[in-house]
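Subject: Structure for you to look at

Hello,

Here is the structure I said I would pass on.

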Amino acid sequence: MEVGYMFESLQKEEITHTQLVRYAGASGDFNQIHTVVPYGEAAGLGGVIAHGMLIMGFVGQAIGQWFEAKDLRKFTARFKAMTRPGEKITVHGRVVDEKDDCWICEAEAINEDEEVKVKAFFEIKK
């Protein structure tokens with residue numbers, strides 16, 4: 001690999017309300033802004049929003065398709081924007097730098113309007 005190399009994008013299905021309820025149960029994050037529409041509306045969000053960690057998990061899934069888990073040395077992420085039911089998320093990634101023993105990479109989870117939801121950096125052992 002070389003700096004600038006682009007990984008194959010991961011395209012996720014449309015986020016659904018049912019998916020958010022299931023994720024709440026799996027993660028233990030029962031904050032009602034993720035599952036109860038009137039609660040999300042009352043909070044000024046215009047409805048429910050996806051768990052940020054769900055979207056970060058999509059990035060982790062992509063990294064797991066690009067590399068073996070044993071080679072992952074570091075993974076950091078920043079949440080950039082809320083994700084709502086109905087959005088389709090795509091994860092793109094690329095190599096941005098190289099050290100003697102690892103590649104420095106970045107990934108972004110974006111919606112169909114190219115709004116960045118999560119931006120991540122990760123290091124992979126060569």
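This is a predicted model: local features need pLDDT of at least 70, side-chain atom pairs count only at pLDDT 80 or more; totals for chains, interfaces and linings use all residues.

Five strands make up an open sheet, in the order β1-β3-β4-β5-β2, with antiparallel pairing. β1 and β2 are at the edges and have a single partner strand each, so one side of each has no neighbour in the sheet. From one strand to the next, the twist averages 20°. For β2 the pairing is with β5, in the antiparallel sense, over seven bridges.

α3 lies across β1, β2, β3, β4 and β5, and runs at about 150° to β2. How far apart should the ends of α3 be? The helix has 15 residues, and at 1.5 Å a residue they should span 21 Å; the end C-alpha atoms are 22 Å apart, which agrees.

Which residues of α3 are buried? They are L54, I55, M56, F58, V59, A62, I63 and W66.

The aromatic rings

Ring centres within 6.5 Å of each other count as a pair, and by this rule there are six aromatic pairs. In one of them, the rings of Y5 and F7 have centres 5.6 Å apart and planes at 70°; planes over 60° apart count as edge-to-face, so this pair is edge-to-face. Y5 is partly exposed, at 41% relative accessible area, whereas F7 is buried, at 8% relative accessibility.

F67 and F122 form another edge-to-face pair, with 6.3 Å from centre to centre and 65° between the planes. This pair links distant parts of the chain, 55 residues apart: F67 is in the loop between α3 (52–66) and β2 (72–79), and F122 is in strand β5 (residues 116–125). Buried here means under 20% relative accessible area. F67 has 13%, so F67 is buried; F122 has 2% and is buried too.

Y5, F7, F67 and F122 belong to one aromatic cluster together with W66. W66 is also among the buried residues of α3 listed above.

Regards

Methods. Residues are numbered from 1 along each chain as its sequence is written. Side-chain values use heavy atoms; hydrogens and water are left out. Rings of Phe, Tyr and Trp (its six-membered ring) pair if their centres lie within 6.5 Å; planes under 30 degrees apart count as stacked, over 60 as edge-to-face and the rest as tilted. Buried means under 20% relative accessible area, exposed over 50%, partly exposed in between (1.4 Å probe, protein chains only). Helices (H or I, at least four residues) and strands (E, at least two) are DSSP runs, numbered from the N terminus. The expected span of a helix is 1.5 Å times one less than its number of residues. Two strands pair if DSSP finds at least two bridges between them. Axes are lines fitted to C-alpha atoms, for helices over the stretch in contact, and angles run from 0 to 180 degrees between N-to-C directions. Contact means heavy atoms within 4.5 Å.
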